[in-house]
Amino acid sequence: MLELRNINKYYNPGTINEMCLFRDFNLTILDQEFVSVVGSNGSGKTSMLNIICGSIPTDQGSIIVNQTDITTMSEFKRLRKIGRVYQNPAMGTCPSMTILENMSLADNKGQSFNLRWGTNKKRIERYKESLKSLNLGLEDKLDVTVGALSGGQRQAMALLMATMTPIEFLILDEHTAALDPKTAELIMELTDRIVKEKKLTTIMVTHNLRYAVEYGNRLLMMHQGNVVIDQAGNNKRTLKIEDILDKFNEISIECGN
Amino acid sequence: MKKLIMSALILTMAAGLLAGCANSKKEGQVTIGIGQFAEHGSLDNCREGFLAGLAEGGYVEGENLKVLFENAQADGGTAAQIADNFMAKKVDLIAAIATPMAQSAYSAAKKKDVPVIFTAVTDPVMAELAKEDKTPNGNITGTSDKLPVEKQLEMIRKVLPEAKTIGIMYSTSEVNSVSAIEEYKAVAPNYGFEIIESGISTAADIPLAADNLLEKVDCLNNLTDNTVVSSLPVILDKAQEKNIPVFGSEVEQVKLGCLATVGLDYFDLGVQTGKMAAQVLRGEKKASEINFEVIEEASFYGNNAVADQLGITLPEELVNSAKEMFDEISE
Amino acid sequence: MLTILLGILEEGLVYGIMALGVYITYKILDFPDLSVDGTFPLGGAVTAILIVSGVNPVLTLVISFFAGAVAGVITGLIHVKLKVRDLLSGIIMMTALYSINLRIAGRANLSIFSKESIFENFVWDKLIPDFFSPYLVVSLLFFIIVIMKLLLDLYLKTRSGYLLRAVGDNEALVTSLAKDKGTVKILGLAIANALVALAGSIYAQMSGFFEISLGTGTIVIGLASVIIGTNIFKRFTYFKATTAVIIGAILYKACVSFAISLGMEASDLKLITATLFLVILIVSNERKRRVKGNA
């Protein structure tokens, strides 16, 4: 269970440009929830993810994971139990290293990076298998550098790498936004499969309302640091795009988008 | 295009490797390499004297002597490169001016047993170019330019009977200066002086250090410090504003506007070194058989124009003993 | 011809070890580390003073290596903990090391001609036949550089090595792997500067003295070697980058030697270096497409 309690976050504090993003923001995400988050630009979606991951500090409030307060824990320590996939496919992989090396890196997450061989030969078959499940033919290109792959291929790898080791949360930060519609569809299906297979608690920020409605078992719409729609369970299942589109248009017009 | 440039580059490099082959050498002609560590008056004089000394010894440049000359511009890496290059060009002898150049030359030459003749090395023993008893530490010998510290202090006392403090600026990165400053500090009390030192690390530090030092001293005195001597005009300007006399360490500095010096004649030092080199080239003696020589004969040089400016009269006994007096300040 | 070749090889191999260090910072870590201008003479200063005090020359190599590592760690701490920009951290360390080196050696120039070194000692005197002695230095250097290269190659294949490569490639991924990217950078800087100081130590033993001005321009030689090597051998994938870098250092020294033998004055050396550097950069026209930070 993840709890954000009374979060306050200001940008440019003390200057004329001071902007309050979150004031007394509260959110609880239960285990195995797949939460899709939508909202206009500047609504605080990505900031929320960054606060959860520790990429940016909060001004007040606490972040609690399974009754443990992690508010002051540094980003890299929190990420031990979190897998994160970014919008930019290049962020989740090492371009100058090979597919095999990238897979090995991800496989070592949570263990010590010592002087043992970087690639465990016994694990190669396992890597091949999981790459095969992507249906992208990557299993035959183990020695190709990731930099030579397409954005979609890289994003698929990033997703695979982020979920390779046991994690508690999967954070998806508009992870299909930089891909063409067809690849995006593929990555979304893959995401859904992995989340269901590994029973991951997932937070997915997306601009695609259809994905938000179609996938996951809870939907949040955010606006100016507040949650304006929060539907879960049956309500979420019966939710239609039209239902949230009206609300979305309303807030977007307000913002001048 | 890229490929073209790249292949041109590789070809050039390959040619570089082959270039050493070409070695035009006339019958009966000897080739020497002169490596000079830095560029300033006394070292230049040294080199000229060296060639004169060689000529006296029967080796005349252009006739039976081919001279390769390189200046390292005070860079240790360049000095090593120069020495290697002399070796590659199969010189018969390397003449090295100033300590780091001598060390580089020795380092490069010892494998091939090419003789090295050094000059303007203040302390050949400390530089491990010679043993305590002045015998060479290999196929290397030359001359040393130890500063006549006591004579200089004696002279300053005569010129400025009232003076109490002498300021000396030196670069902490020059070994010669560091050992000279030690000697000055040890001897100065015998002449009633106190030495106030100011260490600098680059030429950029000099203006500030000079301002600072000039507040505290009755006169300034130079060493043969490459960095400080190169910036001498700056120091002279600042000293002149305060009407404080500056003493030099060799004749070139007096020409530039120092009041006086009891200094070595670097030309003479060069001549003496050149004669040693000629001896080695003729095959009479090996460099390893000749002890290094120290020149301590110093003579007085004064600048009347500077004395007038400062309103100081140089004592008659000094002027009479002067090897040379200058009546103008050269730019 | 042979002399010139040996000279180039000797210089090239010593600077090759240094270039391996620069390869780590510049190519792997993507960190332009100027502190090498201080760590190269640091190795020399440490070696000279230790040899003068009677320490075994081989041991001085080890001590210099660790001295360099410490300097690298400090550069890293300045960058990571005090949040000073990479270039500036290196400049600060380089400047500080100038004084530190003077302190260590006690003076600006320290001779060790008369002392034993790894190149000249009683063991070689007994073992090495006369005809081989001109090649002794080159052979020893070759031996050392091959070991260093192989160790580095092996290291880069370990888990720790993977992480090092990842941090220069994509810092965000290292964080995602729950590792502190700062620590990884510090480690990389330590290894790099250790290699550079080792090269400085070998150089001092080879030339027989330590001189404070030796460090000036080390970074330029290192960068030039790395860029020449990696670009020329870019297309030959069977050449390891580390091999390419060493060959780059030798080629660089060959170019300089060629320039001088063409009659260029030693005082123009820096200009030649700069020009060569520029030409290589233009030819390779390398643009980095790397993800920087949390872009």
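**Figure 1. The exposed side of helix α6 in chain A of a predicted model**. On one side of α6(A), the residues A:K182, A:E189, A:R193, A:K196 and A:E197 are exposed. The helix runs over residues 181-198 of chain A and has 18 residues. From its first C-alpha to its last it reaches 26 Å, close to the 26 Å expected at 1.5 Å a residue. Just after α6(A), A:K199 takes a positive phi of about 50°.

**Figure 2. The buried side of helix α6 in chain A**. Which residues of α6(A) are buried? They are A:I187, A:M188, A:T191, A:I194 and A:V195. These residues lie on the same side of α6(A), because they cover an arc of only 130° around the axis. An α-helix has 3.6 residues a turn, so residues three or four places apart point the same way. The elements of chain A that the buried residues of α6(A) pack against are the following:

- the strands β3 (34-39), β7 (169-173) and β8 (201-205);
- the helices α5 (151-162) and α7 (209-214).

**Figure 3. Chain A as a whole**. Chain A has 9 helices and 10 strands. Its radius of gyration is 19 Å, close to the 18 Å that the globule rule gives for 257 residues, so chain A is as compact as a globular protein of that length. Along the principal axes, the C-alpha atoms of chain A fill a box of roughly 55 × 40 × 35 Å. Of its 257 residues, 40% count as buried. Among contacts in chain A between residues at least 6 apart in sequence, 70% join residues at least 24 apart. An unreviewed UniProt entry lists residues 2-249 of chain A under "domain: ABC transporter". Over residues 2-249, chain A is 33% helix and 25% strand, and the end C-alpha atoms are 30 Å apart.

**Figure 4. Where chain C touches chain A**. This contact takes 22 residues from chain C and 29 residues from chain A. On the chain C side, α7 (159-169) and α8 (171-176) each supply at least two residues. Which of the elements of chain C gives the most to this side? It is α7(C), with 8 residues. By class, the side of chain C that touches chain A has 9 nonpolar, 7 polar and 6 charged residues.

**Figure 5. Where chain B touches chain C**. Here 44 residues of chain B are in contact with 39 residues of chain C. The elements of chain B that each supply at least two residues of the side touching chain C are α1 (2-18), β2 (65-71), α3 (76-88), α4 (99-109) and α6 (175-187). The largest share, 10 residues, comes from α3(B). The residues on this side of chain B divide into 19 nonpolar, 18 polar and 7 charged. Of the 2 pairs of chains in contact, chains B and C share the most contacts. No contact joins chain A and chain B, and their closest C-alpha atoms lie 23 Å apart.

**Figure 6. Chain B as a whole**. Chain B has 13 helices and 13 strands. A compact globule with 331 residues would have a radius of gyration near 20 Å, and the 22 Å of chain B agrees. Taken along the principal axes, the box that the C-alpha atoms of chain B fill is roughly 65 × 55 × 35 Å. Buried residues make up 52% of the 331 residues in chain B. Among contacts in chain B between residues at least 6 apart in sequence, 71% join residues at least 24 apart.

Terms used. Residues numbered from 1 in each chain as written. Chains lettered and ligands numbered in written order. Predicted model: local features only at pLDDT ≥ 70, side-chain atom pairs only at ≥ 80, totals over all residues. Contact = placed C-beta atoms within 7 Å. Helix = DSSP H or I, 4+ residues; strand = E, 2+ residues; numbered from the N terminus. Nonpolar A, V, L, I, M, F, W, Y, C, P; charged D, E, K, R; others polar. UniProt positions renumbered as here; feature names shortened; annotations may be inferred. Expected span 1.5 Å × (residues − 1). Buried ≥ 20, exposed ≤ 12 C-beta atoms within 10 Å, placed from the backbone. Arc of directions from axis to C-beta. Rg over C-alpha atoms; globule rule 2.2 N^0.38 Å.
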